[in-house]
Amino acid sequence: MHVISVANQKGGVGKTTTTVNVATALAAIGQRVLLIDLDPQGNASTGLGIYDRHDTPGIYNVLLCDAFFKNVTHQTEIPGLSLVSAAADLAAIEHDALEMERKQFLLRDSLEQCEGLYDYVLIDCPPALGLLTINALVASHSVLIPLQCEFYALEGLAQLMSTLERVQSNLNPYLDVLGIALTMYDPRNGLSDLVVKDVRKHFGDLVFKTPIPRSVRVSEAPSYGKPVLIYDVKSAGSLAYMNLASEIMKKQGITDVIAA
Ligand SMILES: Nc1ncnc2c1ncn2[C@@H]1O[C@H](COP(=O)(O)OP(=O)(O)OP(=O)(O)O)[C@@H](O)[C@H]1O
Ligand SMILES: [Mg+2]
């Protein structure tokens, strides 16, 4: 079981879109995938068709009320893709977990229940570096960083990297950066290309080869409660997310070989 956090404290960079569509692509190629929505906004939950998420027990119940994963996990319409939803109650975690001894380990401890049940667990993080994202990073083997192809793309990345280093040295020495995924790439916009070049220059092979194009189909899909891969499988966005998922699997294969 490989646990991946999709994280970037910058808002609106494509975390949820990437989590939902990479999860779908991995499931489509036969992997058993669990998507954990760890954002009180619950965008991944609605994007996968859970509309009554405020009345549905979700990840808050697992983290703070001793609910079992198996009792809050939904089978989505995509075979092989399961989901644990999130609702606004999750925003209170900083306060509700204040007195808890292992508050940074809540997700890691409870994820032990899922060992052997999934090939991949993908965690959609909120746009902040608070306790929720720390819980995700502590529970993960690796982190996938979506980066929007726009002028301020690199802003905030230094802060994210230093958070990752702090988690690595204090809480989870096994955390690895899986890669940086370029999102909302627009080839007609010269700035997009400049950003891509700049990011590749800074981060080299850490950047995935496949940029995710900006596309109306990608942004429309969540309003139908579907990943773009189901909404319009032939769209450029779907193809890009399939390629990204296959890069992720390849990268991991290589990591596994090195580890062996
Ligand atoms: N490739 C794309 N093409 C067009 N629109 C996109 C694309 N990727 C994401 N979007 C749109 O951009 C917005 C932000 O995307 P998304 O919700 O995935 O970002 P996020 O990082 O999860 O945001 P937040 O920080 O609020 O959680 C959404 O409206 C989404 O539909
Ligand atoms: Mg989001």
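Two strands are taken to pair if DSSP finds at least two bridges between them, and helices (H or I, at least four residues) and strands (E, at least two) are DSSP runs, numbered from the N terminus. On those terms, β2 and β4 pair in the parallel sense over four bridges; here L35 has L83 of β4 as its bridge partner.

The model is a predicted one, in which local features need pLDDT of at least 70, side-chain atom pairs count only at pLDDT 80 or more, and totals for chains, interfaces and linings use all residues. Residues are numbered from 1 along each chain as its sequence is written, with chains lettered from A and ligands numbered from 1 in the order in which they are written. As for pLDDT, that is the predictor's confidence in each residue, from 0 to 100. The protein chain averages 93, and 97% of the residues score at least 70. Where pLDDT is low, the predicted coordinates should not be read in detail.

Back to the strands. Seven of them make up an open sheet with mixed pairing, in the order β3-β4-β2-β5-β1-β6-β7. At the edges sit β3 (73-75) and β7 (176-183), each pairing on one side only. From one strand to the next the twist averages 25°, with axes as lines fitted to C-alpha atoms and angles running from 0 to 180 degrees between N-to-C directions.

β3 and β4, by contrast, run antiparallel and share three bridges, with T73 partnered by V84. Five residues lie between the strands of this hairpin, where G80 takes a positive phi near 90°. Strand β4 (residues 81-84) is covered on both faces: L81 and L83 on one side, S82 and V84 on the other, are all buried (20 or more other C-beta atoms, placed from the backbone, within 10 Å of a residue's own).

Ligand 1 has 20 residues around it, of which K15, T16, T17, P127 and S219 come nearest; a residue counts as near if its C-beta atom, placed from the backbone, lies within 6 Å. The elements giving two or more residues to this shell are α1 (15-28) and α10 (216-220), and α1 has the largest share, at three residues. By class, the shell holds six nonpolar, eleven polar and three charged residues, where Ala, Val, Leu, Ile, Met, Phe, Trp, Tyr, Cys and Pro count as nonpolar, Asp, Glu, Lys and Arg as charged, and the others, Gly among them, as polar.

Note on methods: Buried ≥ 20, exposed ≤ 12 C-beta atoms within 10 Å, placed from the backbone.
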